Amino acid sequence: MMTRKQSIFLNTLLVATFVSSTAMAGGGFYITFGVGGGLVSGDTAIELKNPEKDPDRQGSDWRKLWSTEEGEGVQFDFKLGYNILGITAIEFDVSAGGNNMANWDEIEGQGGLFGLIKLFPAQFFPEVADRDWDAYIYGGAGVYFMAYQPQAKDGGSMITDGRGWYPSVAIKWGIGGEYYVTPFLSFGVDLGFTHGYHSTFIIDDDRGIETEAKDTATSFAFQPTATINFHFATDRK
């Protein structure tokens with residue numbers, strides 16, 4: 001039969017084990033701001049169902065005119081999330097990037113609104129329970145867009161400058177890590193990957209001129225960012 005001292009010792013050991021395995025749990029709300037770059041690749045000279053609707057099709061380079069290889073440049077991310085026991089998190093992500101942002105006549109961009117699920121694998125290993133860092137993987141999907149200002153005519157002016165693909169859909173996933181300066185503030189690096197699937201092609205938004213791609217056009221964006229994260233109502237020790 002277990003003595004009183006042995007019982008106290010066992011209970012203390014169990015409590016200590018539980019506390020050590022959950023001490024670094026980061027449950028609670030958080031906000032993330034990210035800034036970095038976006039590298040975009042995609043399809044060019046995309047076949048459209050009604051190319052005759054595009055007034056610039058004659059005399060233009062179709063690889064520049066009908067493309068999903070657009071929006072490369074500075075990348076921004078804003079995430080609002082809720083972490084559950086430091087193990088997983090649910091995120092709402094607003095992501096956008098592009099170039100020529102100082103000139104509205106030449107601005108190009110891509111981005112979207114995403115719902116993400118994030119997993120923190122290190123939380124399953126008690127050996128690193130006292131860490132000041134965390135690593136994660138995530139995945140999800142959302143609504144995506146791409147807009148650009150093609151200069152597809154050599155020596156000639158474009159009739160319609162702005163074009164775009166929206167609404168589109170995309171799958172987003174990535175990996176990252178963060179280091180906690182305090183329980184409420186952490187800095188990190190996030191490597192995001194966005195796979196876009198585009199069908200509706202906007203030729204002239206003001207005039208409501210649009211068509212569809214014959215086959216779904218695709219794009220891929222690699223989006224590395226540096227992040228600053230603010231944690232609220234956290235249970236991180």
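Two strands count as paired if DSSP finds at least two bridges between them. Helices (H or I, at least four residues) and strands (E, at least two) are DSSP runs, numbered from the N terminus. What you see is a predicted model, where local features need pLDDT of at least 70, side-chain atom pairs count only at pLDDT 80 or more, and totals for chains, interfaces and linings use all residues. Residues are numbered from 1 along each chain as its sequence is written, and side-chain values use heavy atoms, with hydrogens and water left out.

**View 1. Strand β4 and its partners β3 and β5.** Strands β3 (residues 88-99) and β4 (residues 108-119) run antiparallel, joined by 12 bridges. Look for A96, whose bridge partner in β4 is G111. β4 also pairs with β5 (residues 133-148), again antiparallel, over 11 bridges. Here F114 has G142 in β5 as its bridge partner.

View 2. A salt bridge (a side-chain nitrogen of Lys or Arg within 4 Å of a carboxyl oxygen of Asp or Glu) links K79 to E91, with the closest N and O atoms 3.8 Å apart. E91 sits in β3 and K79 in β2 (residues 73-84), 12 residues apart. K79 also forms a salt bridge with D190, at 3.5 Å. D190 belongs to β7 (residues 185-204), so this pair ties together parts 111 residues apart in sequence. Both E91 and K79 are buried (under 20% relative accessible area; exposed is over 50%, partly exposed in between, 1.4 Å probe, protein chains only), and D190 is buried too.

**View 3. R207 meets D204.** Their side chains form a salt bridge at 3.6 Å, N to O. R207 is exposed at 65% relative accessibility, while D204 is buried at 10%.
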